[in-house]
Amino acid sequence: MNYHIFLQVRSDSKRLPFKNFLLFKKIPAILYLCRRLKYFQKKLTVLTTNLKSDKFLRYLLKKNKINFFEGSSFDVKKRFLHFSSKMKDEDVVIRITGDNLFLNSNLINYCLSIFLKQKKDYLYLDNKKNNLPYGISIEIFKVRKLRNKKLNSKKSKEHVTYGFKSKVNTFLIKKFFKKKMYNYRCTLDYLEDYENLKSIINKKRINVDWKLLCKYLSFYKVNLKNK
């Protein structure tokens with residue numbers, strides 16, 4: 001059995017376009033995240049699109065010797081299927097996204113070890129059950145789950161794992177924090193997120209543990225109408 005990290009990224013986000021290039025510690029967000037996942041560099045592939053809007057992203061990844069795959073922009077699941085076409089059914093995919101910058105190798109390694117112990121086809125981090133901020137998100141599943149045609153739908157084209165989730169498919173892990181953390185945000189979707197995350201990340205070294213970063217989160221309002 002082999003495992004692979006699929007880092008799903010695109011540049012033309014509707015809420016915050018080209019957020020992958022916003023600077024954290026003087027480097028683009030996508031490079032910052034990849035450096036936090038340096039331990040898995042050989043297992044990591046950025047799955048992006050073949051659109052012109054991702055041309056600079058592809059250039060940046062190539063320049064920094066980061067594996068990437070360019071596929072369908074309209075059907076994300078198809079992009080996943082094309083890249084994994086030569087993988088075996090029992091191979092394991094770890095799906096993460098480019099806007100969750102607090103993730104690091106330690107957390108992925110921890111979740112992978114639990115996935116292998118529980119012997120299921122799919123597990124995901126439920127923020128409320130595991131008391132985690134919105135933005136600490138990891139999904140792990142076997143390639144055969146991705147190939148299951150019964151799980152195909154219009155929604156799964158955009159949300160790859162739509163139909164995978166159920167109450168029994170959450171990670172059964174310990175609580176990481178004493179206070180309620182699931183009401184906090186550490187994802188990069190809006191300008192307010194950028195200002196908040198930048199104030200935390202820029203003060204810490206790149207390889208700082210994800211739990212320590214979470215402890216510095218604070219409440220703030222997001223202006224949903226801000227374009």
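Predicted model: local features only at pLDDT ≥ 70, side-chain atom pairs only at ≥ 80, totals over all residues.
Local features need pLDDT of at least 70, side-chain atom pairs count only at pLDDT 80 or more, and totals for chains, interfaces and linings use all residues. Residues are numbered from 1 along each chain as its sequence is written, and side-chain values use heavy atoms, without hydrogens and water.

The protein chain holds eight helices and eight strands (DSSP runs, H or I of at least four residues and E of at least two, numbered from the N terminus). Its C-alpha trace spans about 45 × 45 × 35 Å along the principal axes. The radius of gyration of the protein chain is 17 Å, which agrees with the value near 17 Å for a compact globule of 227 residues; the radius is taken over C-alpha atoms, and the rule is 2.2 Å times the number of residues to the power 0.38.

Of the 227 residues, 52% are buried (under 20% relative accessible area, 1.4 Å probe, protein chains only). The protein chain exposes about 12,700 Å² by the Shrake-Rupley method with a 1.4 Å probe. Carbon and sulfur atoms supply 53% of that area.

The largest nonpolar core has 57 residues. Such a core joins buried Ala, Val, Leu, Ile, Met, Phe, Trp, Tyr and Cys residues through side-chain atoms within 4.5 Å. F102, I136 and I138 touch the most other members. Elements giving two or more residues to this core include β1 (3-8), α4 (105-118) and α7 (191-201). A second, separate core of 14 residues includes L47, V93, Y124 and V143. Beyond four places in sequence, I138 is in contact (heavy atoms within 4.5 Å) with residues including I94, L107, C111, Y124 and F171.

Conventions
Buried < 20%, exposed > 50% of the residue type's maximum accessible area, 1.4 Å probe, protein only.
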